[in-house]
Amino acid sequence: MKLKALTVGLALSFPMLASAQGTSVTLYGNIDTAVEYVNNIADGTGGSNSSVHFTTATSTWPSYWGLRGTEKLSDNLSAVFTLESGFGQATGMSGQGGRLFGRQAWVGLKGDWGQFALGRQYSMLFWANIHGDIMGPNAYGLGTLDNYFPNARMDNSVTYRGSFDNFTFGAAWARGRDTSSAGGPGGSNCGVDYNNNGECGAYSFMLGYNTAGWGVNAAYDVLKGEGTGANNYYGLGSGDKDRRILANAYVKFDALKVALTYLNRKNDGVNGVGNNVPGLGDRSDLWSLGASYGVTPAVTLDGSVNYMRYKNATAGSQKVWYYVARVKYALSKRTSVYASASYMDNDDATRLSAAGGTPGPNILPNAGQSQTAVMAGLRHSF
């Protein structure tokens, strides 16, 4: 009994000892669920239907939980880690290709000189876009036009990010960038090919200058060709590249924020496969103008106007206009309700869906048909 009491006592005292040594671990997360209405859903025979359902991938914000920790090693050096798990808020299933910690899983060292980390991490395109993306990970956001935005992560990666005064620089490199075989943008079975260093890699760079009132950011991001056995989600063959160049700028005026984003994409494979729309051109330009306004401390209005044009398309005019509006009401610091609406104006052969929170071919309109999506939901963070 004495031995048992001593063991329990040591176990209970460990968190206090860890705290005294400068170690901390934080549990955090977000649960966001919405009901959505979508019209003009292709029925496979040339007709269309409408649907009322729960969003499956994201609402106004993804649902996730995570653990974040740090240990102070010296005055200018800390060990840090993050384990973050995404899940479908309507079903409870793991996201990001069925991974337990699909959003982030990394460990690193951090100091005044920046942060060096190893594991599953965001690419530099994510960090370059985070300040200038008004709608963020909203179901009706940039991820609807290019689903790499909410999936800009890499397995087996090495990253560095550093901030010096107002400047930020980052670089990332991965070998075997997507090892899940679940399919889709988060599971393309593109793991390490030990016989070919050039297969299934990724690299990216970012440079930014951000102040309290304005900022500019840019990124260069490349996904390398998929090897034998890969799901080939982005249409890449051996030696192909999917390259993106991002630039954005934003400015703040008290409660108003306005941002402009530009993305140029060149895909050596079959561009558009990642949006479940084969036959789109191998190059594209995306422009997004967004604004957010705090009407009161509790009420926020935001929206965006987006334009995307494909080049070298196989048939017809390939461009879309995408319009988004959202209102949020904060019930507290952690809980809010919201309503969002979007309208996708497809041109000729394009058939992108307005419902980015419910990805997949089953929600697409017919070619050239417009689509409207509306959702209302509840978000709680902890």
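**View 1. Asp254 in the loop between β11 and β12.** β11 covers residues 241–253. The model is predicted: local features need pLDDT of at least 70, side-chain atom pairs count only at pLDDT 80 or more, and totals for chains, interfaces and linings use all residues. Residues are numbered from 1 along each chain as its sequence is written, and side-chain values use heavy atoms, with hydrogens and water left out. Strands (E, at least two residues) and helices (H or I, at least four) are DSSP runs, numbered from the N terminus. Asp254 is not a glycine, yet has a positive phi of about 55°. Asp254 counts as exposed because its relative accessibility is 86% (exposed means over 50% relative accessible area, buried under 20%, partly exposed in between, with a 1.4 Å probe and protein chains only).

**View 2. Cys200 in the loop between β8 and β9.** β9 spans residues 201–210. Cys200 has a positive phi of about 55° although it is not a glycine. Its relative accessible area is 3%, so Cys200 is buried.

**View 3. The aromatic pair of Tyr262 and Trp287.** Rings of Phe, Tyr and Trp (its six-membered ring) pair if their centres lie within 6.5 Å; planes under 30 degrees apart count as stacked, over 60 as edge-to-face and the rest as tilted. The count by this rule is twelve aromatic pairs. One of them joins Tyr262 and Trp287, with 4.5 Å centre to centre and 40° between the planes, and is tilted. This pair links distant parts of the chain, 25 residues apart: Tyr262 belongs to strand β12 (residues 256–267) and Trp287 to strand β13 (residues 283–294). Tyr262 has a relative accessible area of 23%, so it is partly exposed. Trp287 is partly exposed because its relative accessibility is 42%.

**View 4. A cluster of aromatic rings.** Tyr307, Trp321, Tyr323 and Tyr343 are linked by ring pairs.

**View 5. A nonpolar surface patch of about 510 Å².** Leu73, Val107, Leu109, Trp113, Phe116 and Leu118 make this patch. Two elements each give two or more residues to the patch: β5 (104–111) and β6 (114–122). Patches are made of residues with over 30% relative accessible area and no salt bridge: like charges are joined within 9 Å, nonpolar side chains (Val, Leu, Ile, Met, Phe, Trp, Tyr) within 5 Å. A salt bridge is a side-chain nitrogen of Lys or Arg within 4 Å of a carboxyl oxygen of Asp or Glu. Areas come from the Shrake-Rupley method with a 1.4 Å probe; for residues, only the protein chains shown count as cover. Leu73 sits in strand β3 (residues 64–74). Its relative accessibility is 45%, so Leu73 counts as partly exposed.

**View 6. From β6 through β7 to β8.** Two strands pair if DSSP finds at least two bridges between them. β6 and strand β7 (residues 153–164) run antiparallel, joined by seven bridges. Phe116, part of the nonpolar patch, has Tyr160 as its bridge partner in β7. β7 also pairs in the antiparallel sense with strand β8 (residues 167–175), over eight bridges. Here Gly162 stands opposite Phe169 in β8. β7 and β8 form a hairpin with two residues between the strands, where Asp165 takes a positive phi near 60°.

**View 7. Strand β1 and its partners β2, β3 and β17.** β1 covers residues 23–42, and eight bridges join it to β3 in antiparallel fashion. Gly29 has Trp65 as its bridge partner in β3. β1 also pairs with strand β17 (residues 371–381), antiparallel and over nine bridges. Glu36 stands opposite Met375 in β17. Six bridges join β1 to β2, again antiparallel. In β2, Ser48 stands opposite Ala42. The hairpin of β1 and β2 has five residues between the strands, and Gly44 in its turn has a positive phi of about 90°.

**View 8. Two arginines over ring faces, Arg68 and Arg379.** A charge sits over a ring if NZ of Lys or CZ of Arg is within 6 Å of the ring centre and within 35 degrees of the ring normal. Arg68 lies over the face of Tyr28, at 3.9 Å from the ring centre. Arg379 lies over the face of Trp61, at 4.5 Å from the ring centre.

**View 9. Thr58 in the loop between β2 and β3.** β2 spans residues 48–54. Thr58 is buried because its relative accessible area is 10%. Thr58 and Gly88 are 30 residues apart along the chain, and their C-alpha atoms are separated by 7.3 Å.
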